[in-house]
Amino acid sequence: MKNFEIIIGIENHVELKTKTKMFSSAPVSYGETPNTKVNEVDMAYPGSLPVINKKAIQLAIRTCHALNMEIDTLVKFDRKNYFYPDLTKGYQITQQYNPIGKNGALVINVNGVEKTVDIERLHMEEDTAKQIHKDDLTFIDYNRAGTGLVEIVTRPVMRSADEACAYVEKLREILLFLKVSDVKMNEGSLRTDVNISIRPFGTNEFSNKVEVKNLNSISNIKRAIEFEVERQTKLMLNNEIIMQETRRFDDTTNSTVSMRSKSDALDYKYFREPNIMPIQLDKNWVNECIQNSPELADVKRNKYTNEYKLSLNDANIILTSIEMTDFFEEAIKYTNNYNKLANILISDIQAQLNTQNISIDKLALSPTHLAEIINLVDKSVISSKHTKAILPIIMKDNSKSVMHIVQELNIKMISDETEITNLVNPIIESNLELLEQYNERPERVTKTIMGQLMKVTGGNVNPEAGMQIIIKLVELKAK
């Protein structure tokens with residue numbers, strides 16, 4: 001396998017986060033009753049005409065800018081002609097000849113080494129219907145038909161499965177934080193097609209490429225590439241022809257399976273879409289779209305680590321979820337203890353989210369409540385241990401204030417000097433023999449008394465204040 005160079009190019013289909021479809025007023029939906037979110041344009045009824053979704057163009061511009069692409073302000077669409085049950089019109093409206101973005105680049109990091117992935121084009125188009133295959137039957141759900149897409153196509157510049165995975169992960173993060181798409185690979189809002197070929201090292205000619213379509217997870221991208229490279233290598237070593245074809249990945253057998261021979265672009269007989277006139281975008285509007293783009297994860301990552309002093313690992317865990325990121329950024333308006341906040345989010349709260357398989361916005365817990373808990377710990381009103389008793393309650397019901405819960409649980413930390421002194425004195429009187437060791441082993445003596453103090457108070461004593469009083473009383477007694 002080391003005798004061959006791996007060549008990989010990737011096409012990503014990204015469902016745009018719009019309320020309505022690309023060319024119709026039907027709502028964009030997921031998981032609804034099949035064939036209930038369609039209208040006459042989606043179903044190509046006679047006389048129905050497409051109308052472009054302005055929001056979709058805005059999202060495409062945001063993406064082009066983030067991927068360092070040249071933006072074509074003259075928007076044109078074309079017809080891609082083919083007959084298939086998932087497309088009632090018999091053609092797909094796309095941008096074959098004038099993609100809105102071209103010549104972009106994205107820097108990825110693989111095992112500490114940076115690499116620039118050249119992006120050839122980004123074009124807008126409409127999605128097809130969803131097909132569900134069961135036994136010998138095929139069911140079609142037209143709810144997805146007409147949903148706005150951008151297709152992002154790289155040049156064949158990646159040389160390993162790890163590079164391909166890093167590219168898709170980085171692209172996914174950018175699209176998520178731009179709020180261009182939900183990019184949920186398991187739901188199909190981000191679908192990856194990988195074009196793979198191999199050639200002997202030292203040659204410049206490309207051999208036939210194989211396209212593996214609709215990969216729905218990063219792990220499947222890696223497994224599909226590794227299988228396909230091994231399969232093509234065996235064929236080449238046996239002097240067999242690698243067919244140019246489209247395949248799918250079967251994750252039960254961990255292998256790719258042939259679907260059809262690969263069609264050339266000419267087979268689709270593209271021509272200009274006659275029902276949509278070219279649109280010249282106002283450059284001021286384009287600039288406004290760019291300037292109003294949300295902050296990217298890289299900018300946030302830099303701020304979290306340099307300004308808020310989070311570890312890179314903690315910052316990355318928060319940034320894996322847009323909901324968690326929004327929660328963190330709202331909570332820091334009410335507390336300055338950023339590390340404590342991050343620690344609770346990625347430990348206690350993340351554990352709860354994993355158990356329920358939900359995002360943080362589905363919890364009753366609010367950013368102000370969590371900030372209040374952290375501030376009470378910082379003021380020694382409650383201990384870190386107490387947060388573990390409060391959080392399960394307030395994650396389910398936010399109708400009570402944090403202080404109300406503290407009072408109900410009677411877990412307020414004891415910091416009053418007189419109260420602590422009155423608790424420590426009896427402990428010292430019952431451990432007079434222990435005090436005789438104080439000059440030789442002072443730490444053992446004070447820690448033993450602290451342990452007993454915590455035991456009698458259920459751990460509710462302020463440890464710093466308690467230790468100061470223990471040392472003071474023990475030294476008086478030991479004289």
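1. Domain bounds, as used in this note, come from an automatic or database domain assignment. On that basis the protein chain of this predicted model is divided into domain 1, covering 4–283, domain 2, covering 295–409, and domain 3, covering 417–478. Taken over C-alpha atoms, the centres of domain 1 and domain 3 are separated by 69 Å.

2. The second largest pocket deserves a look alongside this division, since its lining draws at least three residues from each of domain 1 (4–283) and domain 2 (295–409). The space in this pocket comes to about 840 Å³. Its lining is made up of 26 residues, and those that lie nearest the centre of the pocket are R172, K184, S321, E323 and S359. The elements that give two or more residues to this lining are α2 (161–177), α7 (322–331) and α8 (338–356). Sorted by class, the lining of the second largest pocket holds nine nonpolar, eight polar and nine charged residues.

3. Rolling a probe the size of a water molecule over the atoms shows where empty space is left. For this model the count comes to one cavity of 30 Å³ or more, and about 90 Å³ of space lies in the largest cavity. The largest cavity is lined by 13 residues, among which D42, K89, E126, A145 and G146 lie nearest its centre. By class, the lining of the largest cavity divides into five nonpolar, three polar and five charged residues.

4. Helix α11 spans residues 402–409, and within this helix V402, I405 and V406 are buried. These residues lie on the same side of α11, because they cover an arc of only 105 degrees around the axis. As for their partners, the buried residues of α11 pack against α9 (367–378) and α10 (384–394).

5. Several backbone positions are worth checking by eye in the model. Just after α11, N410 takes a positive phi of about 50 degrees. In the loop between α9 and α10, S380 has a positive phi of about 60 degrees, although S380 is not a glycine.

6. N35 is found in the loop between β1 (4–15) and α1 (54–66). At 38% relative accessibility, N35 counts as partly exposed.

Conventions: Residues numbered from 1 in each chain as written. Predicted model: local features only at pLDDT ≥ 70, side-chain atom pairs only at ≥ 80, totals over all residues. Heavy atoms only, no water. 1 Å grid on protein atoms, 1.4 Å probe; cavity = no way out; pocket = protein on both sides within 12 Å on 5 of 7 lines; lining within 4 Å. Points joined across faces, edges and corners; volume = space filled by probe spheres on them. Nonpolar A, V, L, I, M, F, W, Y, C, P; charged D, E, K, R; others polar. Buried < 20%, exposed > 50% of the residue type's maximum accessible area, 1.4 Å probe, protein only. Helix = DSSP H or I, 4+ residues; strand = E, 2+ residues; numbered from the N terminus. Arc of directions from axis to C-beta. Contact = heavy atoms within 4.5 Å.
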